[in-house]
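Have the structure open and follow along.

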Amino acid sequence: MPVPRSRAKVALADRHDPQGLAAFVMRYLEWLRAHNYADPTVESREVYLGYFVAWCTERGITTPREVTKPILERYQRSLYQWRKRDGTPLSFRGQHARLVPVRALFKWLTRQNHLLYNPASELELPRLEHRLPKHVLTISEVEQVMRTVDLTEPMGLRDRAILEVLYSIGIRRRELINLALFDFDRERGTVMIRQGKGKKDRMIPVGDRAMGWVDRYQHQVRPDLVVGREIAHLATLFLTHTGEPFTPNRLTQLVRRYVQAADLGKSGSCHLFRHTMATLMLENGADIRYIQAMLGHAELSTTQIYT
């Protein structure tokens with residue numbers, strides 16, 4: 001990420017040359033959409049490939065044919081050497097995230113016969129560390145966070161319902177944002193996660209306490225939020241005070257504010273509750289494969305980090 005995000009967008013916007021890098025990147029992104037890749041995947045690849053195109057443009061490299069393995073290795077070294085404003089380097093996971101879309105782009109260019117050979121085929125990606133979650137809450141700490149919510153305010157009821165759902169089922173941030181009214185089955189005590197990571201659906205149990213707070217929010221608060229709003233948003237469960245669906249950043253800020261208010265000496269947001277749920281389930285004897293299904297992990301190795 002050695003260029004600002006704004007310059008990365010400008011780099012992709014400059015598509016006057018149909019044989020230029022930017023033009024091929026946009027065709028690749030359109031191919032991803034046509035093949036039903038998830039929107040977050042396409043969006044992240046657009047940003048990271050924008051960084052790469054901007055880096056190449058600064059060095060006079062404007063077409064895919066000019067990109068060679070040594071040039072890709074130079075780009076990889078530039079990611080390793082780059083420093084943030086506070087002087088810290090880009091993590092190996094961050095470097096890895098920026099290189100994967102580049103490698104995928106050149107694989108696509110070769111398969112589509114735009115290139116005769118793939119210069120990224122032997123590019124070695126950084127090895128990723130297997131790290132434990134930085135912070136995990138205890139049961140008493142979770143309750144302390146819950147007590148920071150002002151239940152005398154309508155938005156407080158909504159926020160408590162959000163926190164309870166995060167704690168009960170360990171849902172991902174974007175999955176919570178996409179929850180709809182009909183996804184909760186009160187009779188069965190389940191919630192349907194639709195089009196989660198990897199565009200996979202899953203049905204998981206939800207606790208009675210979380211379900212109770214969702215019902216209170218839905219009947220006491222939500223009706224006032226949808227009055228006069230767009231029909232497209234009427235099915236979305238959790239809404240902002242303006243009746244709009246949450247953005248990822250806004251939801252993160254909301255949850256982080258309550259964690260900070262609890263003054264636990266721990267930091268985190270939505271994923272903190274995901275880690276907490278999985279850890280507490282494991283400590284109380286839940287089978288690792290059951291936790292895997294709850295979290296929606298494709299590989300058991302991803303879940304085994306908690307063991």
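Q: Where is Phe 182 found?
A: This is a predicted model, and in it Phe 182 lies in the loop between α8 (173–177) and β1 (184–185).

Q: Why does Phe 182 count as exposed?
A: Exposed is the word for a relative accessible area over 50%. Phe 182 has 55% relative accessibility, so it counts as exposed.

Q: Which residues does Phe 182 touch, not counting residues up to four places away in sequence?
A: Those are Arg 194 and Ala 235. On a related note, the C-alpha atoms of Phe 182 and Thr 236 are separated by 9.2 Å, with the two residues 54 apart along the chain.

Q: Why are α7 and α12 called oblique to each other?
A: Helix α7 (residues 154–169) and helix α12 (residues 270–283) pack at an angle of about 40 degrees, their axes 7 Å apart. Angles under 35 degrees would count as roughly parallel, and roughly perpendicular runs from 65 to 115. The α7 and α12 pair is therefore oblique.

Q: Which residues of α7 and α12 meet?
A: From α7 come Leu 163, Leu 166, Tyr 167, Ser 168 and Ile 169, and they meet Cys 270, Phe 273, Thr 276, Met 277 and Leu 280 of α12. Sorted by class, this contact has 8 nonpolar residues, 2 polar ones and no charged ones.

Q: What makes Cys 270 buried?
A: The cut-off for buried is under 20% relative accessible area. Cys 270 has 4%, so it is buried. Cys 56, with a relative accessible area of 0%, is therefore buried as well.

Q: How many disulfides does a search of the whole structure find?
A: The search finds 0 disulfides. To count as one, a pair of cysteine sulfur atoms has to be within 2.5 Å.

Q: How do you know that the buried residues of α6 are on the same side of the helix?
A: The buried residues of helix α6 (residues 139–147) are Glu 141, Val 142, Val 145 and Met 146. Around the axis they cover an arc of only 145 degrees, so they are on the same side of α6.

Q: What covers the buried residues of α6?
A: The cover includes α7, α9 (208–220), α11 (248–261) and α12.

Q: What does the protein look like overall?
A: The protein has 14 helices and 3 strands, and its C-alpha atoms fill a box of roughly 60 × 45 × 35 Å along the principal axes. Of its 307 residues, 46% count as buried.

Key:
Residues numbered from 1 in each chain as written. Predicted model: local features only at pLDDT ≥ 70, side-chain atom pairs only at ≥ 80, totals over all residues. Heavy atoms only, no water. Axes fitted to C-alpha atoms, helices over the stretch in contact; angles between N-to-C directions. Helix = DSSP H or I, 4+ residues; strand = E, 2+ residues; numbered from the N terminus. Parallel < 35°, antiparallel > 145°, perpendicular 65-115°, else oblique. Contact = heavy atoms within 4.5 Å. Nonpolar A, V, L, I, M, F, W, Y, C, P; charged D, E, K, R; others polar. Buried < 20%, exposed > 50% of the residue type's maximum accessible area, 1.4 Å probe, protein only. Arc of directions from axis to C-beta.
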